[in-house]
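Please read them with the structure open.

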Amino acid sequence: MVAVVVIIGFPTALLFGAGDAVFDSPTDGIITFFGTLVGIAVLLAVGYLWEQAKERRARNRRR
């Protein structure tokens with residue numbers, strides 16, 4: 001999960017932030033960069049919690 005953020009999420013956020021900084025304003029670029037990182041982190045957290053819930057349900061069914 002962390003590797004996905006490092007390999008895909010960080011460069012994506014960096015490119016979006018740089019694009020906004022160049023074509024709009026540096027402040028918008030910074031906001032876009034951190035906003036994209038937070039969005040990716042939230043998606044990964046939801047995916048992780050979803051997998052944990054599925055595993056917990058599977059363990060409870062085995063009993």
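1. Ile8 counts as exposed, its relative accessibility being 52%. The cut-off for that class is over 50%. Ile8 belongs to helix α1, which covers residues 2-23. This is a predicted model, and the values in these notes should be read as such.

2. From the C-alpha atom of Leu15 to that of Thr32 the distance is 9.7 Å, the two residues being 17 apart along the chain.

3. What secondary structure does the chain have? There are two helices and zero strands. The radius of gyration is 17 Å, whereas the globule rule gives 11 Å for 63 residues; the chain is therefore more spread out than a compact globule. Along the principal axes, the C-alpha atoms fill a box of roughly 60 × 20 × 10 Å.

4. Helix α2 runs over residues 26-62. How far apart are the end C-alpha atoms of α2? They are separated by 55 Å, in agreement with the 54 Å that 37 residues should span at 1.5 Å a residue.

5. Burial in α2 deserves a separate point. Gly29, Phe33, Thr36, Ile40 and Leu44 are buried in this helix. For the chain of 63 residues, 13% count as buried.

6. The accessible surface of the chain amounts to about 5,100 Å². Carbon and sulfur atoms account for 71% of that surface.

7. How many salt bridges does a search of the whole structure find? It finds one. The partners are Lys54 and Glu51, whose closest N and O atoms lie 3.7 Å apart; the cut-off for such a pair is within 4 Å. Both residues are in α2, and because they are three residues apart there, about one helical turn separates them.

8. On charge, the chain carries 7 positive and 5 negative side chains. The centres of these two sets are 29 Å apart.

Definitions and conventions: Residues are numbered from 1 along each chain as its sequence is written. This is a predicted model: local features need pLDDT of at least 70, side-chain atom pairs count only at pLDDT 80 or more; totals for chains, interfaces and linings use all residues. Side-chain values use heavy atoms; hydrogens and water are left out. A salt bridge is a side-chain nitrogen of Lys or Arg within 4 Å of a carboxyl oxygen of Asp or Glu. Helices (H or I, at least four residues) and strands (E, at least two) are DSSP runs, numbered from the N terminus. The expected span of a helix is 1.5 Å times one less than its number of residues. Buried means under 20% relative accessible area, exposed over 50%, partly exposed in between (1.4 Å probe, protein chains only). The radius of gyration is taken over C-alpha atoms; the globule rule is 2.2 Å times the number of residues to the power 0.38. Accessible areas come from the Shrake-Rupley method with a 1.4 Å probe; for residues, only the protein chains shown count as cover. Lys and Arg count as positive and Asp and Glu as negative; His and the chain ends are not counted. The place of a charge is taken as NZ of Lys, CZ of Arg, CG of Asp or CD of Glu.
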